[in-house]
Amino acid sequence: MVLLRRVIGDALRARRQGQHRTLREVSSAANVSLGYLSEIERGQKEPSSELLAAICDALGARLSELLREVSDTVALAEQMPGVLVPVQDEPAAPVAVRRSTGRGVHQVSSDGTVAVQVRQDSPLKATLRSSRVRGSERDVVCAA
């Protein structure tokens with residue numbers, strides 16, 4: 001199971017860094033402490049809907065855009081066999097590449113709008129790298 005707070009935090013960090021803004025700038029604009037915003041971006045804290053809306057506003061983004069991006073990433077990751085659910089319970093998914101290395105199992109999948117590359121580090125930890133077909137790349141660390 002993917003940790004939603006980590007996917008949300010990563011999406012927020014990617015937007016902030018894409019704008020070349022500091023944590024201090026965004027935390028001030030959103031009226032949230034710098035430390036708390038940092039914890040949200042690292043997936044250590046789960047923001048309330050009000051706080052998430054304030055952060056999105058500070059980033060000049062719509063909450064619906066952020067949630068759609070997070071939803072797309074999670075939905076595509078759920079389709080990848082053995083990543084977020086056991087292989088026997090998972091329907092077939094369009095997996096372009098699956099290889100095992102000394103650093104875990106790597107998989108790549110795409111639905112045409114979002115591509116997800118997964119490195120399965122252990123049964124309880126996967127690193128997702130997702131990218132939109134039109135840009136915006138980010139890393140997400142998920143724990144089952």
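Guide: Start with one term: a salt bridge is a side-chain nitrogen of Lys or Arg within 4 Å of a carboxyl oxygen of Asp or Glu. Glu41 and Arg16 form one, with their closest N and O atoms 2.7 Å apart.

Visitor: Where do Glu41 and Arg16 lie?

Guide: Glu41 is in helix H3 and Arg16 is in helix H1, so the pair ties together parts 25 residues apart in sequence. Helices (H or I, at least four residues) and strands (E, at least two) are DSSP runs, numbered from the N terminus.

Visitor: What kind of model is this, and how are residues numbered?

Guide: This is a predicted model: local features need pLDDT of at least 70, side-chain atom pairs count only at pLDDT 80 or more, and totals for chains, interfaces and linings use all residues. Residues are numbered from 1 along each chain as its sequence is written, and side-chain values use heavy atoms, with hydrogens and water left out.

Visitor: What is the average pLDDT of the chain?

Guide: The chain averages 75, and 54% of the residues score at least 70. pLDDT is the predictor's confidence in each residue, from 0 to 100.

Visitor: Where is the pLDDT below 50?

Guide: One stretch is residues 85-97, which has 22 contacts in the model beyond near neighbours in sequence. Another is residues 135-144, with 44 contacts beyond near neighbours in sequence. Contact means heavy atoms within 4.5 Å. Where pLDDT is low, the predicted coordinates should not be read in detail.

Visitor: How many helices and strands does the chain have?

Guide: The chain has 5 helices and 5 strands. From the N terminus on, the order is α-α-α-α-α-β-β-β-β-β.

Visitor: What share of the residues is buried?

Guide: Buried residues make up 38% of the 144 in the chain. Buried means under 20% relative accessible area, exposed over 50%, and partly exposed in between (1.4 Å probe, protein chains only).

Visitor: Back to Glu41 and Arg16. Are they buried or exposed?

Guide: Glu41 counts as buried, at 4% relative accessibility. Arg16 is buried too, at 8%.

Visitor: Which residues join them in a network?

Guide: Salt bridges that share partners join Asp10, Arg13, Arg16 and Glu41 into one network. Within it, the side chains of Arg13 and Asp10 meet in a salt bridge of 2.9 Å, N to O.

Visitor: How many residues apart are Arg13 and Asp10?

Guide: They are 3 residues apart in helix H1, which means about one helical turn separates them. Asp10 is buried, with a relative accessible area of 4%.

Visitor: How many salt bridges are there by this rule?

Guide: The count comes to 5. One of the others joins Glu69 and Arg15, with the closest N and O atoms 3.2 Å apart. That pair links distant parts of the chain: Glu69 in helix H5 and Arg15 in helix H1, 54 residues apart.

Visitor: Is Glu69 buried or exposed? And what about Arg15?

Guide: Glu69 counts as buried, at 4% relative accessibility. Arg15 is partly exposed, with a relative accessible area of 23%.

Visitor: New topic. Which residues of helix H4 are buried?

Guide: In H4 (residues 49-58), they are Leu51, Leu52, Ile55, Cys56 and Ala58. They cover an arc of only 160 degrees around the axis, which puts them on the same side of H4. The arc is that of the directions from the helix axis to the C-beta atoms.

Visitor: What covers those buried residues?

Guide: The cover includes helix H1 (4-18), helix H2 (23-30), helix H3 (34-41) and helix H5 (63-78).

Visitor: Which exposed residues sit on the face of H4 turned away from its buried side?

Guide: That face carries Ser49, Glu50 and Asp57. Just after H4, Gly60 takes a positive phi of about 70 degrees.

Visitor: Which residues are buried in H2?

Guide: Val26, Ser27 and Ala30 are buried in H2. Their arc around the axis is only 100 degrees, which puts them on the same side of H2. What covers them includes H1, H3 and H4.

Visitor: And which exposed residues are on the face of H2 turned away from its buried side?

Guide: Arg24 and Ser28 are the exposed residues carried there. H2 is followed by Asn31, whose phi is positive, near 60 degrees.
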